[in-house]
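Work through the exercises below with the sequence and the model open. Each task is followed by its solution.

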Amino acid sequence: MYEKGRLWFGKDGKNVPRLKKYLTEVKQGMIGNTILLNDDVGSTPSAKELLKSIFEENTFETPKPVPLIKRLIKLSSSANDIILDSFAGSGTTAHAVLKLNKEDGGNRKFILVEQEDYANTITAERVRRVIKKMSEPLIFFD
Ligand SMILES: C[S@@+](CC[C@H](N)C(=O)[O-])C[C@H]1O[C@@H](n2cnc3c(N)ncnc32)[C@H](O)[C@@H]1O
């Protein structure tokens with residue numbers, strides 16, 4: 001593809017290479033192969049709202065939405081895989097793994113790594129609270 005001039009390295013030539021696509025080769029109205037819409041996978045505001053329902057206060061500024069991480073886990077792994085998040089933050093990845101397992105009967109496990117002093121009070125605490133809620137009948141942080 002490089003020899004055919006079909007790779008693009010960005011304006012300054014330093015980016016990760018991307019495949020060039022010409023308009024004549026792209027079907028009308030189709031731009032990307034993967035579109036993740038807010039309505040399907042949530043947004044930062046919805047993720048913050050969910051976190052607030054777990055901690056009753058704003059604890060983390062940049063959580064990812066659980067549906068988004070669920071979607072990415074589904075796309076990239078199998079039902080018995082171990083999911084590693086080495087930038088765990090508020091622990092969304094563990095929440096998504098637990099929810100996905102509950103929904104599809106999978107047996108995924110997770111490893112979270114967090115360097116900040118909230119690793120126990122937010123990251124791990126969220127996981128504890130989600131697991132506790134999941135064991136209560138019919139109530140789950142959604
Ligand atoms: C944008 S946040 C992740 C948000 C997370 N996806 C969520 O939904 O809450 C990035 C996190 O990575 C952590 N982090 C950055 N460098 C790290 C490192 N070297 N080891 C472990 N955690 C790290 C930061 O402290 C921060 O909590």
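**Exercise 1.** Which atom of the ligand is 2.6 Å from an N or O atom in the side chain of Glu114?

*Solution.* This is a predicted model, in which local features need pLDDT of at least 70, side-chain atom pairs count only at pLDDT 80 or more, and totals for chains, interfaces and linings use all residues. Residues are numbered from 1 along each chain as its sequence is written, and side-chain values use heavy atoms, with hydrogens and water left out.

Step 1. Start at the Glu114 side chain: the atom 2.6 Å from its N or O atom is an oxygen of the ligand.

Step 2. Go on to Thr92, where a polar side-chain atom lies 2.5 Å from a ligand oxygen.

Step 3. Turn to the backbone of Gln115: one of its polar atoms is 3.4 Å from a nitrogen atom of the ligand. A polar contact here is a pair of N or O atoms within 3.5 Å.

**Exercise 2.** How many residues surround the ligand, and how do they divide by type?

*Solution.* Step 1. Taking residues with a heavy atom within 4 Å of the ligand, the count is 15. Lys64, Ser90, Thr92, Glu114 and Tyr118 are the closest.

Step 2. Sort the shell: 6 are nonpolar, 6 polar and 3 charged. Ala, Val, Leu, Ile, Met, Phe, Trp, Tyr, Cys and Pro count as nonpolar, Asp, Glu, Lys and Arg as charged, and the others, Gly among them, as polar.

**Exercise 3.** Which residues is Arg71 in contact with, leaving aside neighbours within four places in sequence?

*Solution.* Step 1. With contact meaning heavy atoms within 4.5 Å, the partners of Arg71 are Leu36, Asp40 and Val41.

Step 2. For Leu37, the C-alpha to C-alpha distance to Arg71 is 11 Å, across 34 residues in sequence.

Note on methods. A polar contact is a pair of N or O atoms within 3.5 Å; within protein, one must be able to donate a hydrogen and the other to accept it, and residues adjacent in sequence count only if both atoms are side-chain atoms.
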